[in-house]
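Thanks for coming. I have one structure to go through today, and I will keep to the inside of the fold. Please have the sequence and the model open.

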Amino acid sequence: MSSQFALLKTRRYGPFFGTQFLGAFNDNLFKNALVVLLTFQTTQWTAMKPELLANLAAGIFILPFFLFSATAGQLADKFDKSRLARLVKVLEIVIMLIAGVGFWLHSLASLLFALFLLGLHSTLFGPVKYAILPQHLREEELVGGNALIEAGTFVAILIGTLFGGLLAGIEGGKVWITAGCLLTAVLGYLTSRGIPEAPAPEPTLKINPNPFTETWRNIGFARENRTVFLSILGISWFWLFGALLLAQFPAYAKNVLGGTETSVTLLLGTFTLGIGFGSLLCERLSAKQLEIGLVPFGSIGLTVFGLDLAFASPTTLPPIPLSILPLLHSQGTLHVLFDLFAMGLFGGFFIVPLYALMQIRSDASHRARIIAANNIVNALFMVVGAGAAAGLLSNGLSIPTLFGVAAICNAAVALYIYGLVPEFLLRFIVWLLVHSVYRLEKKDIDRIPDNGPALIISNHVSFVDALVITAACHRPIRFVMDHQIFNWPILSFVFKAGRAIPIASAKDDPVLLERAFDEVSAALAGGELVAIFPEGKITSDGELCPFRPGISRILERNAVPVIPVALSGLWGSIFSKRDGRPLGNLWKARPFRRIAIAVGQPVNPGQAVPEALRNTVLELRGAEK
C-alpha cells in the first residue's frame, strides 16, 4: 500500500487530499455534535422523537445534493476546479459563523439552516472532488487515489464524529463546537490554496440555471454509458444503505445497547474504520488496476454482516446507561462491533472500484456533470431512504429489524445490477480464482493496448486459461473457445457473461464455424479485444502443440495487431489435463499456486505467421520458467 501513500507527498494530490479531509472532518464534527445534542437533550430543543429528529437532520443535509448538484456539475466543467475549491472553503467559513449564531440564540431553525448550507457546501465540492482526480492522476493511480480519498474521508468522519460527540457532552460544548468548526474551515481554506490548477474542460459552457432540466440533461450524459449509469446506481444504493445505518446510531446506542452519548462515537468509529481499512486494501487486492470483481465481494459482505447485526443486537437494556468501557464488557457488544467493522470493510470493497469505474469510463468533456448526476441520484436515494426509515420506525419497526430489512434489500439490488451487467460477476469469479487457487504474476501486461482492436493468442494449458488472462487484463476480452467447453456446467455461465465466441471444427459444425469467424470480425471491427488459443486443444503433456491456420483466416479479414501471450504454471494444476482426462492431477492441488502470464511485443498482422507466433510464445514461456 506504500505507492498510494506516496501520492500524499505530491503537490498534485496532497493539498487536495488535505482540503477534502478537513471538509469531511468539519461536516461530521458539526453534524454529529448537533445530532447528539438533539438526541440526548431533545426536550430542550423540540417535542419531536429523537429517532425522527435524527432522520430529519440527515434528510436536511442531503437535500441540497438533490437541488443543486446540476449547477455544481456545470460550474466544475466551466471553471478551474482549484479556484472553485477555494471559493467553496470561503463559503464553509460563513456557514460556521451562522451555526455559531444558532448556538448562541439557542435556535433549532438556525442550526438546521446551517446544516442545510453545509450540505450545499458539500454539493458544490462533490463534482470538484471526483472530477479533479483524473486530471491530476494517471489511470494506474486512480484506484489508489480514490482509495485514499475514501479512507481519508471516513477517517475524517471518525475523528469528526469523535470530537463532535465529545464536545456535545462537555460543559460549554456549544462554544467549543463553534470554535472547532470555524478553525477547521479556516484551515481548509489555507490548504486549498495549494491545489494546482485544474483547467476547465468546457470553459465556453453556458450555465443552465434551471435545476430540473439540467438535472435531466446530466442524467442523460450518465446514461450514454450503461456501465457508468449502473455504477452510479450502485454508488447511490451504498450511500442510502450507509446513511440509513449512520442515522440510526444515536438512537441505537441509547435505546438498544443502553449506552451514553460517548457510545455513539464507538459505533460510528468502528464502522468508519472498517470502511477506511477496506478502501486502502482495494489497491492491493486489485493489483493497482480497476478491479470491479471486488464489487460483488463487497455486496455479499454487506448483506451477510447486516443480517448478523440485526440478529446480534441485544433485546434487553441494562439498568443504567453505560459509558464506553462498561458497554464493551456488556454481553453482545463485541459481536455488534465486529459486524459494524465487517460491514465497513466490505463497504470499502464495494464503493472504491465503482468510483474509479465511473471516472475512467466517463467522457472527460462532461465528467463533472456525470459526477453531478451521481450526486443527484445519491441524494435522491438517501432522501428516500431517510423518509422510508422514518416511516418504518414511526410505525413500530425496531432499529435492528430495520438493519435486517436494509441487508435483504441490499442483496436484491446487487442481484438486479449484476443481472444487467454480468461483467461484475464475471470479474468477481475471475478475481476469486486467482486469489484463492492461484498467485498470479504478470509481465509486460501493459503491452495489451488500452484502446482499439487486437487479437490475443495464447498457449492452452488448462480449462481456466481464459479466466486467468481476463484477470490479468483490465479490458474486457472476447474469447474464442471450443463449443463443448463453452457449454460446460457452471463455467458456461462465466463464458456467456464474458460474451465468449463458441467455435467448432468444419467437420463437427461448419455453420457454427462460419458464425464464429463472422462474430470475431464484428468484434474486432467494433474495437474490441479478441483472444484465441491457436493450438485448438488443451495440451496433455505441457508442451506447445502446433498452431492451426485459423489465425491467418482471421487476419485476412481483419488487419489488427497480434498480441502473443504465454501462460506458465497452470499445467499440472487441478484444472489441467493429462492423458485426455480432465482433473487428472487433483493430488497436486495446493493453495496459492504460482502462475505467470507474459505478454510479448505486438506483431504486425502482415508478419503474423502461425509458426513464427508459436516460436514467440515458446520464447515467452521459456523466459518465465
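Predicted model: local features only at pLDDT ≥ 70, side-chain atom pairs only at ≥ 80, totals over all residues.

Start with the cores. The largest nonpolar core has 132 residues. Which members touch the most other members of this core? They are F30, F249, Y252 and F424. Helix α11, residues 226–255, supplies the largest share of this core, at 17 residues. Apart from this core there is another one, made of 38 residues, and V434, I448, M481 and L567 are among them. As background, nonpolar side chains in soluble globular proteins tend to be buried together.

Now look at Y252 on its own. Leaving out residues up to four places away in sequence, Y252 touches L257, L267, L309, S313, P314, V336, I399, P400 and F403.

Next, the helix pair. Packed helices are described by two values, the angle between their axes and the distance between the axes. For α10, residues 211–223, and α11, the angle is about 120° and the axes are 6 Å apart. How do we classify that pair? Angles from 65 to 115 degrees count as roughly perpendicular and those over 145 as roughly antiparallel; at about 120°, α10 and α11 are therefore oblique to each other. On the α10 side, the contact is made by I219, A222 and R223. On the α11 side, R226, V228, F229 and I232 meet them. By type, the contact residues are 5 nonpolar and 2 charged, with no polar ones.

Now helix α19, which runs over residues 465–472. How many of the residues of α19 are buried? The count is 8 of 8, so the helix is mostly covered, with buried meaning under 20% relative accessible area. Those buried residues are D465, A466, L467, V468, I469, T470, A471 and A472.

D465 deserves a separate look. Its relative accessibility is 1%, so D465 counts as buried. Not counting residues up to four places away in sequence, D465 touches N459, H460, F533, L567 and L570. One of these, L567, is also a member of the 38-residue core I mentioned.

Last, the cysteines. A disulfide is a covalent bond between the sulfur atoms of two cysteines. How many disulfides does a search of the whole structure find? The search finds 0.

I will take questions now.

How values were computed:
Residues numbered from 1 in each chain as written. Heavy atoms only, no water. Disulfide = S-S within 2.5 Å. Helix = DSSP H or I, 4+ residues; strand = E, 2+ residues; numbered from the N terminus. Buried < 20%, exposed > 50% of the residue type's maximum accessible area, 1.4 Å probe, protein only. Contact = heavy atoms within 4.5 Å. Core = buried A, V, L, I, M, F, W, Y, C linked by side-chain atoms within 4.5 Å. Axes fitted to C-alpha atoms, helices over the stretch in contact; angles between N-to-C directions. Parallel < 35°, antiparallel > 145°, perpendicular 65-115°, else oblique. Nonpolar A, V, L, I, M, F, W, Y, C, P; charged D, E, K, R; others polar.
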